[in-house]
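Subject: Structure for you to look at, with notes

Dear colleague,

I am passing on the structure that we spoke about, with the sequence alongside.

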Amino acid sequence: NAEELNDSLKRISESIREEQSGEENKVVRAHFMKNAYKQLKSNISMEAVNATYGTHFSQGVFRMIFFKLDYTAETNIIFEQLVSLQVKIENLAERELGSVCFDLIYDRKHDGVLMLTNYRQEDWKKIEEALQSLLKKIKNVLELFRGLHISICVSSEVNLLTLADAYEQAFDTSWLRMADGLGKILYWEEFERRTVSDSYQRRLKELGEQIQVSYQVLGLQELQKNLRELFQMPRVMLSTWEARRILNQIRIQFFQDNQNLIEQFADVDAMKEDFSLSLMMAPGFQQYGEIFEKKILNILNQILSYTDKKQTRVIRQAVHYIEQYYGDHIGLTEVADSVGLSTAYFSIVFKRETGQNLIEYLTDYRMRQAKDLLKDSTLNVNEIADMVGYPDSRYFSKLFKRCIGITPTEFRKLYD
């Protein structure tokens with residue numbers, strides 16, 4: 001009858017609204033895990049966060065836990081299988097940890113699942129036990145995939161406003177698996193217990209600096225030699241926070257130094273992401289080192305190939321810039337920036353193409369302009385000095401004599 005039909009339609013409508021609300025809530029919670037937690041204001045309350053993002057946080061502590069998946073050579077897993085595996089990890093985590101945590105939120109990554117936990121501090125031992133059980137169950141699932149391994153990487157305890165620290169720590173902790181082996185639970189605090197001698201630390205820092213200089217001057221052989229020495233250091237040294245920091249800095253600085261040049265022939269962001277994703281998949285220091293070397297040398301070879309074709313145009317652009325701005329306070333940095341090259345690489349190219357370094361060329365050009373002005377104008381020496389880029393006329397006169405052999409005044413008399 002009509003009443004039963006209306007009741008059925010009402011129930012269906014309510015069910016649809018609940019499903020829509022649930023989906024909207026998932027989206028909002030996912031947004032919190034992607035970005036929003038980094039932007040929380042210091043005066044925000046737990047209640048406001050829960051109301052805004054659909055979370056169920058309560059007073060207690062937080063940790064980020066990264067379920068890191070590693071693929072060895074024989075692994076053959078397609079995207080759909082990866083998503084299915086990530087869902088399985090999330091479901092297992094809910095079963096093992098749901099009863100001892102106020103809330104669990106997930107964020108799927110290319111190489112695993114990141115999970116945010118909120119719990120009472122006094123329940124940490126229970127959570128540790130649950131993580132051990134969870135690790136065993138995930139390993140059982142992974143037996144279906146040859147060559148696939150799991151490591152559980154745990155941040156330190158933080159509060160709501162320092163979740164960004166926990167995020168970085170969870171990923172940084174995955175570094176330890178390359179020293180300690182896959183298939184374990186690893187804790188951020190372990191970094192603090194890893195110390196090495198001062199001599200090793202100094203050598204690590206020196207190698208980092210030498211690697212940076214090598215790629216700046218496109219010294220591929222020296223770069224390769226330094227990288228291999230670094231990755232042949234003892235595993236206990238490579239597993240330290242300092243080693244991870246230096247390698248990250250090399251990669252970040254490499255793209256900063258070469259960004260203007262790379263973007264002339266490639267998508268810099270895509271190249272960065274490819275570099276990072278490839279490193280993520282390295283299950284050990286040997287593989288990490290091989291990938292690091294291969295990627296950075298490949299990019300440098302692309303830069304060399306591109307700049308070999310571009311060098312004539314670059315030098316023309318540099319010379320044109322000097323002809324326009326020689327009267328200003330310019331030097332190596334300004335000219336290199338004008339053509340989009342690092343100062344180190346520009347110096348090599350400029351010297352090779354012109355036979356002079358930049359300062360020699362700039363000085364010669366300024367002296368030629370000064371001679372023309374001394375011959376053809378009535379400007380005094382102070383005015384000429386300023387016009388050709390030397391506000392200090394005394395310095396200009398000394399430099400002119402050193403380059404030309406006589407003073408500006410004596411030169412002018414030759415043409416009076």
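Strand β4 and strand β5 (residues 185-187) pair in the parallel sense over three bridges, where two strands count as paired if DSSP finds at least two bridges between them, and where helices (H or I, at least four residues) and strands (E, at least two) are DSSP runs numbered from the N terminus. Within this pairing, C153 stands opposite L186 in β5. On the other hand, β4 is also joined to strand β1 (residues 61-71), by seven bridges, and these two run antiparallel; here F66 stands opposite C153. Six of the seven residues of β4 (residues 148-154) are buried, so the strand is largely enclosed by the rest of the structure; buried means under 20% relative accessible area, exposed over 50%, and partly exposed in between, with a 1.4 Å probe and protein chains only.

Before going further, please keep in mind that this is a predicted model, in which local features need pLDDT of at least 70 and side-chain atom pairs count only at pLDDT 80 or more, while totals for chains, interfaces and linings use all residues. Residues are numbered from 1 along each chain as its sequence is written, and side-chain values use heavy atoms, with hydrogens and water left out.

In soluble globular proteins, nonpolar side chains tend to be buried together.

M64 is worth a look in the viewer: leaving aside residues up to four places away in sequence, the residues that M64 touches include M33, Y37, L114, C153, V154, L163 and Y167, contact being heavy atoms within 4.5 Å. F62, which has its place in strand β1, is buried, with a relative accessible area of 1%. With the same exclusion of residues up to four places away, F62 touches M46, F57, L116, E157 and L163, among others. The C-alpha atoms of F62 and L163 are separated by 7.5 Å, although the two residues are 101 residues apart along the chain.

The structure holds 24 salt bridges, each being a side-chain nitrogen of Lys or Arg within 4 Å of a carboxyl oxygen of Asp or Glu.

- R63 forms a salt bridge with E157, with the closest N and O atoms 3.5 Å apart. This pair links distant parts of the chain, since R63 is in strand β1 and E157 in the loop between β4 and α5 (163-173), 94 residues apart. R63 counts as buried, at 6% relative accessibility, whereas E157 counts as partly exposed, at 27%.
- The side chains of E293 and R228 meet in a salt bridge (2.8 Å, N to O). E293 lies in helix α12 and R228 in helix α8 (residues 220-231), so the pair ties together parts that are 65 residues apart in sequence. E293 is buried, with a relative accessible area of 11%, and R228 counts as partly exposed, at 42%.
- D123 forms a salt bridge with R120, the closest N and O atoms being 3.1 Å apart. D123 is buried at 6%, while R120 counts as partly exposed at 38%.
- K68, D70, D111 and R177 are linked in a network of salt bridges.

Finally, what can be said of the surface? R193 is found in the loop between β5 and α7 (198-216) and is exposed, with a relative accessible area of 57%. From C-alpha to C-alpha, R193 and F265 are 45 Å apart in space, and they are 72 residues apart in sequence.

I would be glad to hear what you make of it.

With best wishes
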